[in-house]
Amino acid sequence: MSARLRESSAARLLATPRLQHDQAQAALAASFSVTAISAPGELLDRASLPLFGIGGLDLREQAHALAEQLTNGLCLSPDRRHHRALLIDHALTHRSAHPLQIAVIGHELARRAGVASFVGICEGEPWTVVRGDGEMALVGPAALAGRPGAGAVRPRCAHQIARAVLAELGAAAPPDSARRAERLMAALPCGGGGCRRRRPSDP
Ligand SMILES: [Zn+2]
């Protein structure tokens, strides 16, 4: 598939409502690298296998198991310097991941393991947020220090996280990719407010 075709199919996918984070990030990976669009999902499926069964644990144990898998299973370490760490395929295979990708990966592992979660922003940083009965826990790799409490967490839809990733790519990637990032941003259907006015109880 040509770069132009990969970009236009990514743009179509990014425009769909109720997009999942893994679909959005796979679309970005497929348009910025030569990764097959199915590859990130397959890697996430495999990475979630050790977590099967944690759905029955309490919130704190679920959060701990997820953090453990991000830190020691996938060995993800936060990387804000290299633009390729903004792509989920690179993050999953090279272990250096932008915090936005770590939050997406944590959420997608939780979702596959049957744990209620979302991607949220708290104190300006992206987190995987696991939620239980009236409580929440922020999850990230152990390398992310100074974890805040889950007080003021704002849920972010897949379009909003894709927009944040594209904005960073636009600023950090080589000119060709930066222009592609700008074009793909224009394909996103929702702006700053997000398309899913989620209550914390929604999946
Ligand atoms: Zn949206």
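Which elements do the buried residues of α4 pack against? Hi everyone, let me walk you to the answer. The model is a predicted one: local features need pLDDT of at least 70, side-chain atom pairs count only at pLDDT 80 or more, and totals for chains, interfaces and linings use all residues. Residues are numbered from 1 along each chain as its sequence is written.

A word on names: helices (H or I, at least four residues) and strands (E, at least two) are DSSP runs numbered from the N terminus. Helix α4 spans residues 59–73, 15 residues in total. From first C-alpha to last, α4 reaches 20 Å, close to the 21 Å expected at 1.5 Å a residue; that expected span is 1.5 Å times one less than the number of residues.

I call a residue buried if 20 or more other C-beta atoms lie within 10 Å of its own, exposed if 12 or fewer, and partly exposed in between, with C-beta atoms placed from the backbone. In α4, the buried residues are Gln62, Ala63, Ala65, Leu66, Ala67, Gln69 and Leu70. And here is the answer: they pack against α3, α6 (99–112), β4 (125–131) and β5 (136–139). Contact here means that two C-beta atoms, placed from the backbone, lie within 7 Å.

A nonpolar core is a set of buried Ala, Val, Leu, Ile, Met, Phe, Trp, Tyr and Cys residues joined through C-beta atoms within 7 Å. The largest one has 57 residues, and Leu28, Leu66, Ile105, Val130 and Ala162 touch the most other members. If we leave aside neighbours within four places in sequence, Ala162 is in contact with Leu14, Ala24, Leu28 and Leu188.

Next, helix α8, residues 175–186. Its 12 residues reach 17 Å from first C-alpha to last, close to the expected 16 Å. Arg180, Ala181 and Leu184 are the buried residues of α8. Why do they share a side? They cover an arc of only 105° around the axis, which puts them on the same side of α8; the arc is that of the directions from the helix axis to the C-beta atoms. Pro175, Arg179 and Ala186 are exposed on the other side. The packing partners of the buried set are α1 (3–14), α2 (21–32) and α7 (158–172).

Now a helix pair. The axes of α2 and α3 (residues 39–48) come within 8 Å and cross at roughly 130°. Axes are lines fitted to C-alpha atoms, for helices over the stretch in contact, and angles run from 0 to 180 degrees between N-to-C directions. The two helices are therefore oblique to each other: angles under 35 degrees count as roughly parallel, over 145 as roughly antiparallel, 65 to 115 as roughly perpendicular and the rest as oblique. Asp22, Gln25, Ala26 and Ala29 of α2 meet Pro40, Gly41 and Leu44 of α3.

Last stop, strand β2 (residues 96–97), where we find Ser96. With 18 other C-beta atoms within 10 Å, Ser96 is partly exposed. Beyond its neighbours within four places in sequence, Ser96 is in contact with Ser77, Asp79, His82 and Ala85. Arg95, in the loop between α5 and β2, has a positive phi near 70°.
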